[in-house]
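Here are my notes on this structure, point by point. Please keep the model open while reading.

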Amino acid sequence: MLYYKDMNTKLLIFGITGDLSRRKLIPALERITEGGHCDNLEVIGVSRREVDVSMLIRDERLAARTRVMQMDIAEEADYHRLKDELALAEDEQLLIYLSVPPSASGRIVQFLGKAGINTSRVKLMLEKPFGTDLESARHMAEQISEYFEDEAVYRIDHYLAKGMAQNIVAFRAHNALFAHVWDNSAIEKIEVNAFESIDIEGRAQFYEQTGALRDLVQGHLMQLLSLTIMDIPGDMHWSQVSTRRLDALRQLQPVDTRAAIRAQYEGYQDEVENPGSAVETFVSIKLESGAPKWTGVPFYLTTGKALSEKRTDIKIHFKKFHHAQTNCLIFRIQPHEGIEIALNTLKPGYEYEHEATLLSFKYPAEVVLPDAYEQVLVDAIRGHKHIFTSNDEVIRSWEVLQPLVSAWAMHDSCDVVYQKGMSTEQVIALAKEQK
Ligand code: BG6
């Protein structure tokens with residue numbers, strides 16, 4: 001089916017009263033409608049309880065185009081009622097957003113399919129986690145593919161939807177200078193970092209089943225890496241980005257389990273009330289690609305909670321000809337979105353000394369980048385799939401990480417315990433001391 005920009009759209013949200021919906025979806029929808037985008041949008045929430053829309057949505061424009069239908073999502077018969085209620089017209093598309101625990105999504109997809117809410121005008125938006133290991137991811141994919149073509153499935157990785165993540169592609173594609181040096185002839189190593197200062201913030205049940213490897217590395221960091229190392233031919237169109245990312249993921253070798261660091265912040269076990277918990281709140285892994293252009297270039301993916309700062313960035317380290325050279329290009333994904341290149345320049349004065357400075361690109365202060373969830377919703381409405389993850393990408397990412405998932409399942413403790421507020425360097429130093 002052909003989607004056009006401002007097609008009449010019904011957005012059906014399962015879990016409209018939930019935490020994610022209140023924190024991310026509704027504010028994103030408010031900003032979209034405020035900006036006068038997607039005027040042909042109607043929102044239908046699904047909730048077990050009766051809901052007063054005006055209590056849920058403050059923005060009057062959005063509230064006016066929103067209604068909430070009461071239904072039991074575990075009751076198959078209610079989906080037939082839902083279909084009638086939706087009454088999808090010929091020129092309308094339906095976007096179904098599942099903002100529900102992963103344990104509930106399989107059954108919802110099945111009931112939607114059985115009720116016939118899976119025609120070619122229906123798109124299904126899914127939140128991670130997409131499985132908890134390779135096997136469960138494959139199982140989930142099978143369940144969904146029974147009722148929805150992969151083309152109709154929009155798997156959200158909100159890191160891919162961050163403005164600076166897509167800027168990696170624009171930067172690489174449209175600046176000849178860097179295209180010349182984007183391989184192992186010039187690059188020594190690449191770091192992909194997502195440090196968080198928050199701890200698990202009371203999400204004990206979720207985090208005990210997840211941990212940092214599944215929560216951040218499997219999706220967010222692997223995707224940022226693939227944007228950084230994928231091939232970008234001169235005539236590439238945005239619609240091909242997802243396939244290019246998949247090609248890059250396919251070239252990755254299985255993770256080196258011996259080089260991985262698994263750490264937990266002190267106090268985590270009390271917080272989750274599980275004295276024996278081995279769940280990692282910090283992880284650092286090393287990956288390598290089998291592609292000839294990347295031979296010998298290690299990729300380090302690191303993330304952790306309760307660290308000294310909130311920072312997501314990608315650092316490209318170039319090979320030096322001598323030690324006094326600078327060699328780093330940084331994509332600042334958040335905060336302070338921008339691109340920086342470390343430079344040495346001559347210091348003003350008579351002494352012919354050099355000093356470190358920065359060549360930097362930043363959006364002007366008055367520019368407000370769309371929030372990742374705004375981008376996700378607008379792109380799904382418009383049928384732009386390149387900021388969504390395909391099933392093949394999800395599976396490939398699990399294949400690369402599965403050796404570590406299996407190895408860690410055999411160990412009943414983390415390698416390192418770190419203090420809240422430590423820097424990443426301190427945690428890595430602790431891990432090295434203990435190896
Ligand atoms: C989510 C994780 O996907 O990303 C959270 O489940 C994490 O644990 C969050 O805190 C970080 O997102 P952001 O956009 O704040 O970096």
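1. Start at the ligand. An oxygen atom of the ligand is 3.1 Å from an N or O atom in the side chain of Lys128. That is a polar contact, meaning a pair of N or O atoms within 3.5 Å; within protein, one must be able to donate a hydrogen and the other to accept it, and residues adjacent in sequence count only if both atoms are side-chain atoms. The side chain of Lys162 places an N or O atom 2.6 Å from a ligand oxygen. For Lys305, a polar side-chain atom lies 2.8 Å from an oxygen atom of the ligand. Taken alone, the ligand exposes 390 Å², and the protein buries 82% of that. Accessible areas come from the Shrake-Rupley method with a 1.4 Å probe; for residues, only the protein chains shown count as cover.

2. A word on the basis. This is a predicted model, where local features need pLDDT of at least 70 and side-chain atom pairs count only at pLDDT 80 or more, while totals for chains, interfaces and linings use all residues. Residues are numbered from 1 along each chain as its sequence is written, and side-chain values use heavy atoms, with hydrogens and water left out.

3. Which residues surround the ligand? They are Lys128, His158, Tyr159, Lys162, Glu196, Ile198, Arg203, Asp215, His220, Lys305, Lys310 and Gln334. A residue is near a molecule or strand if one of its heavy atoms lies within 4 Å of it. The shell divides into two nonpolar, three polar and seven charged residues. Here Ala, Val, Leu, Ile, Met, Phe, Trp, Tyr, Cys and Pro count as nonpolar, Asp, Glu, Lys and Arg as charged, and the others, Gly among them, as polar.

4. Two cis peptide bonds deserve a look. The bond from Lys128 to Pro129 is cis, with omega near 5°. Pro129 sits in the loop between strand E5 (122–126) and helix H6 (134–145). Helices (H or I, at least four residues) and strands (E, at least two) are DSSP runs, numbered from the N terminus. Gln334 and Pro335 are also joined by a cis peptide bond, with omega about -15°. Pro335 lies in the loop between strand E12 (328–334) and strand E13 (338–346).

5. Check the backbone at Ala306. Its phi is positive, about 60°, although Ala306 is not a glycine. The residue is in the loop between E10 and E11.

6. Now the nine-stranded sheet. It is open, with mixed pairing and the order E14-E13-E12-E11-E7-E10-E9-E8-E16. Two strands pair if DSSP finds at least two bridges between them. Strand E14 (354–362) and strand E16 (416–418) stand at the edges, each with a single partner strand, so one side of each lacks a neighbour in the sheet. Three bridges join E8 (residues 261–265) to E16 in parallel. Tyr265 stands opposite Tyr418 in E16.

7. H14 (residues 391–409) lies across E8 and E9, at about 135° to E9. Contact means heavy atoms within 4.5 Å. Axes are lines fitted to C-alpha atoms, for helices over the stretch in contact, and angles run from 0 to 180 degrees between N-to-C directions.

8. E5 and E6 (residues 153–156) pair in the parallel sense over three bridges. Leu124 has Val153 in E6 as its bridge partner.
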